Structures are given as structure tokens and as C-alpha cells.
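Hello,

Please find the structure below. My notes on it follow.

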Amino acid sequence: TLRGANLSYVDLSGRVLNRYDLTGTNFSFATLTDLDLRNANLTGANFTKTDLTTVLLGGPDLDLTKAKLIEATLTGKDLTKAKLSGADFTGATLTKVVFTGADLTEAILHGADLTTVTLNDLILTRAKLIKANLTKKDLTTVALVGADLTEAILTKAVLTGADLTDATLNKVNLTTVTLNDVDFTRAHMIEVNLTGKDLTTVVLTRADLTKANLTGANLHNTDLAYAVLQDAVIVLGLFNGGVDKNQTILTGADLTGVDLSNRKFYKEGSGGGYSGMRVIDLTGATLIDAQLINTDMRYAILVDAKLIGAKLQKAVLYNSTVDNANFTNANMTETDFTAVGYTTYDVIRPVILNNATLIKADLRSAVINKAQLVEANLTEAKMQYVELPGANLYKANLTGAHLEGRFTNPVSYTHLTLPTKA
């Protein structure tokens, strides 16, 4: 038997070993000219630095599971439907190799040049494709769940309909990639470049987009629920919320440190009414230290959102809903919470800050007309010249708050906790 044999440096030219059990056999540095290995069991076999160009491979029973093909030459080989799970192709020459229907689950293809390889119906689940070159490849039928594509080259590649759930695409440039209907759920996309991309049909639920570049990206209707966007760059992106049932979903998203200043988070409906109006849902989102200066967030849903230390100077929160939101140490100087009607016939919809934490928040000169601040915590808040006509401050806590100026006419101030007078 040749199972597990050491054939390193041996000349096996012309030998017929088809259907042999060659599990764990060491062929490294061997001469394999015209060797017949069709339908052989090559599980765990070692072909390091061998030339397989003239070797007869293939057949429905060919098994190269966990084989070592490090720096091997496989030019022109037909590996259709081959079993290649866990195979190591590090440094291998794969020019014009046919992998149609092959199973490369957990295969290692670090730095592989796959530009001339046939990849139809290929399984690359959890495969290692770090720095692999996939320029202009059509990957629509390739299984890439959990694949590691860190720093891979995907210039002009097509990923339409691809499932990249749990995949890693750190530092990948996706600016020229076709991304229609791609599923990036739970994908790791740290420092990925999505500049100018249309992401309206892309799913990014729970994706990690830390430090991602989303400059000019179209995020209308994009599902970013529970995504991490810490320190992401979102400059002048079309980030105006979704429409009707297909709104931009940022529920639970982590937007820590993101700069969204001077942005508009809503769009008027047809004819200026509520119908078809686009809004943004940030329920439970984390916006700690986020920059929202001069941002128009009218009608935004910020229920349970964490805006600790956020910068909201001159932000507009007309008719927004912020129940249980946490604005601790937020800077809300001149923030406008005015509850205006959308048309003269509409019912006035007040901003809701019930149970909101506004400890030490800077609300100087803010306009909070008709705001609902039931049980809100405004301890030590800076509220000089704040406008609160029609506001409901039932059971609100204003211990240590600075109330100089126009603190007038709240609708309800029953059980209000006010600063202790000296």
C-alpha cells in the first residue's frame, strides 16, 4: 500500500495510481509527469512544489480533501466537482483551472490569482481568500458564506445575489463591484470602501462597518439593523431615510463616533403630506459621541437610543420620537424640538422625550414646544433661555438644572422636581 507513504523527490512519471488510496501520501518535490491519479483518494496528500500540469486528475471519486498543494503548479487542470475541502493552495499556480461545482469549503487560497479560473457553482464556504485576486470574476453562483476575503482584489467583480453572511471583507475596495441584492448579514467589513455605492437592495444587518468609507453611498431602504458603524465616514451620502415599509433600517445600529452633521434624515411625501414621507428608524441605536450638528432629524424614531455625549447643536428634531432615549452629557445647544404640524390640517405631533436621560445635557436656547418630558431626567442640565411652551414635565427631575430665561408655561408640572433654592 502507498497510503501515507513518503514519495518525496521520487520520479513517478507515467505510473498508474488511479483509484489508489493515497491518503496522507507525501509527493512533495516528486516528478509526476503523466502520472495517472484519476479517482484516487488523495485526502491529506502533500503535493508541495510539485508540477501537476500533465498529471491525470479528475473523476467523480477524486478526493483532495485537506491536501497540501502549496506552490504546486496546476495549470489547465479540470477539477470539476472535485472534493477540495480544506485543501491548501497557498502560492499555487492556478492558471485556467476549472473548479466548476467543486467543493472548496475551508480551502486556503491566500494570495491566489483566480482571474483565469472557472468558478461556476463553486463552494467557497469559510474559505481563506485573503489578498486573492478575483478581478472581473462573476461570483453570482459561488457560495461565500463565512469566507475570508480580507484585502482581496474584487475590481469589477459581480456579486449579484451573493450570500456573504458571516464573511470577512476587511479593507476590501468594493467601489467597482456589482452588489445588487447581496446579503452581508454579520459580515466583517472593517475599513471597507463603499464610496458612491448604491446599497438600496443590500442587507447589512449586524455587519461590522467600523471605519468604513460610505462617502456618497445611497443608503435608502438599506437594512443596517444592529450594524456597527463606529467612526465610519458617511459624507454627503443619500441618507434620507426609507419610504413607507421599505425605510432605512438602523434599529440597534452602533453609530458610535460617526459624523452625521449637516445631514437630512427625512424626505417630504408627495404633495407635502405624510403619505410617502421618508423617515429613519434609529430605535435602540447607539450614537455615543456621534456628531449630529445641524442635522435635520424631524420625525426620526429614536426610542431607546443612546446619545450619550452626542453633539446635537442646532439639530432639528421636529416631531421626533425619543422615548427612553439617553442624552447624558449630550450637547443640545439651540436644538429645535418644536412640534409643528406637517400641514395646517394635521394634528400637532409633539416630540416625545418621556423617560429620556438628559443629565448635564446642554439645552441652552433649545426650542421644545409641546414636548413630552414625562419623568425625564434633566439633572444639572443647562437650560438657560430654553423655550418650553406647552411642554409636559410631569414627574421630570430638574435637580441642579440651570433654568434662567424663558422657562414658561409647561402643560403639566405636577410632581416636578425643581432645583433647590439657596
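Leaving aside its neighbours within four places in sequence, asparagine 39 is in contact (heavy atoms within 4.5 Å) with Arg19, Gly58, Gly59, Pro60, Asp61 and Leu62. With Asp61 there is a polar pair: a polar atom of the asparagine 39 side chain lies 3.0 Å from the backbone nitrogen of aspartate 61. Asparagine 39 counts as buried because its relative accessibility is 14%; buried means under 20% relative accessible area, exposed over 50%, and partly exposed in between, with a 1.4 Å probe and protein chains only. Its place is in the segment before strand 1 (248–249), where strands are DSSP runs of E of at least two residues, numbered from the N terminus.

This is a predicted model, in which local features need pLDDT of at least 70 and side-chain atom pairs count only at pLDDT 80 or more, while totals for chains, interfaces and linings use all residues. Residues are numbered from 1 along each chain as its sequence is written, and side-chain values use heavy atoms, leaving out hydrogens and water.

Now the backbone angles. Most residues other than glycine have a negative phi. Asparagine 39 is not a glycine, yet has a positive phi of about 60°. Lysine 314 also has a positive phi, near 60°. Lysine 314 is found in the segment after strand 2 (280–281), and counts as partly exposed because its relative accessibility is 47%.

Last, the confidence. The mean pLDDT (the predictor's confidence in each residue, from 0 to 100) of the protein chain is 85, and 86% of its residues reach 70 or more. Over residues 236–246 the pLDDT is below 50. Residues 408–415 stay under 50.

Regards

Methods:
Helix = DSSP H or I, 4+ residues; strand = E, 2+ residues; numbered from the N terminus. Polar contact = N/O pair within 3.5 Å; in protein donor to acceptor, adjacent residues only side chain to side chain.
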